[in-house]
Amino acid sequence: METLEWQNDTELFDMMEKRLYAAVISDALDAVGFREQALRHTIRPLHPETVVVGRAMPVLCVDVYEIPDEPYQQEIAAVDSLKQDDVFVCSTDESTRNCIWGELLSTAARARGARGAIIDGFIRDARQILAMEFPVFTTGLSPVDSSGRGDVVAYNVPIECGGVMVNPGDIVFGDTDGVVVIPRAVEKDVIAAAFAKVAGEDRTRDELCAGATLREVYDKYGIL
């Protein structure tokens, strides 16, 4: 079996981004008994080839119906609190009233070393974000501002996003299949199992291409 080595989160996440995918991580989570770790299917990447992986910095946003005297205060604080390899993970309770994320927040997040954003609500400035190639996942697009429509009430706290509990420091991984959350308590086992399964899938694929039957390779490797 391949020996996996990394010096820090940045090296680990770079490896995961290049070699893993959401489905194999979901399978590894299933294997350790965490079977409900995939965010709701409505949360999609802006670009189908987008991959994001990093430590969750969870943010809680709620709908509001009054323009505050000083808007954006907690929103600004949340973005400014991002650290290297963080992913901004925001629960809006699937709001369709506001856009908590846009181009300038993406710019600020990238400058702080964050690896992406996952929002269970709408965003805006999609064209500019796509041009930046900053990884963003969202349920939809709208041009409206968040002021008077939505407000951040807490950050770096446990939240429920897309139907899954997300705690500060959990690893989140997203690609075109969707987003999965790896709890800290099982991250080492899940990551090792995911890399091992990818290696097994590579061997399975090679033998299928060489003419082996699906039954033969499944009986040999137990991978489907």
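Let's start with a pair of helices: at roughly what angle do the axes of helix H6 and helix H7 cross? One thing before the answer: this is a predicted model.

The answer is roughly 155°. H6 covers residues 187–209, and H7 covers residues 214–221. Their axes come within 10 Å. An angle over 145° counts as roughly antiparallel. H6 and H7 are therefore roughly antiparallel to each other. The crossing of H6 past H7 is right-handed.

Who touches whom? On the H6 side, look for Arg203, Thr204, Glu207 and Leu208. On the H7 side, they meet Leu214, Val217, Lys220 and Tyr221. Sort the residues of this contact by class, and you get four nonpolar, one polar and three charged.

H6 has another contact to show you, with helix H2. H2 runs over residues 22–31. Two values describe a packed pair of helices: the angle between the axes and the distance between them. For H2 and H6, the angle is about 125° and the axes are 8 Å apart. That makes H2 oblique to H6. H2 passes H6 in a right-handed crossing.

Here are the residues. H2 brings Val24, Ile25, Asp27, Ala28 and Leu29. H6 brings Val190, Ala193, Ala194, Lys197 and Val198. How many residues of each class does the contact of H2 with H6 have? Eight are nonpolar, none is polar, and two are charged.

Now to the strands. Three of them form an open sheet, in the order E4-E6-E8, and the pairing is parallel. Which strands stand at the edges? Strand E4, residues 99–101, and strand E8, residues 140–141. Each has a single partner strand, so one side of each is left without a neighbour in the sheet.

Zoom in on E4 and E6. E6 is residues 122–123, and E4 pairs with E6 over two bridges, in the parallel sense. Find tryptophan 101: its bridge partner in E6 is isoleucine 123.

Last, step back to the whole chain. The protein chain has seven helices and 13 strands. Its C-alpha trace spans about 65 × 30 × 30 Å along the principal axes. What about the radius of gyration? For 224 residues, a compact globule would have a value near 17 Å. The protein chain has 19 Å, which agrees.

That's my tour. Over to you for questions.

Key
Residues numbered from 1 in each chain as written. Predicted model: local features only at pLDDT ≥ 70, side-chain atom pairs only at ≥ 80, totals over all residues. Heavy atoms only, no water. Axes fitted to C-alpha atoms, helices over the stretch in contact; angles between N-to-C directions. Helix = DSSP H or I, 4+ residues; strand = E, 2+ residues; numbered from the N terminus. Parallel < 35°, antiparallel > 145°, perpendicular 65-115°, else oblique. Left-handed = near helix turned anticlockwise from the far one by under 90°. Contact = heavy atoms within 4.5 Å. Nonpolar A, V, L, I, M, F, W, Y, C, P; charged D, E, K, R; others polar. Pairing = 2+ DSSP bridges. Rg over C-alpha atoms; globule rule 2.2 N^0.38 Å.
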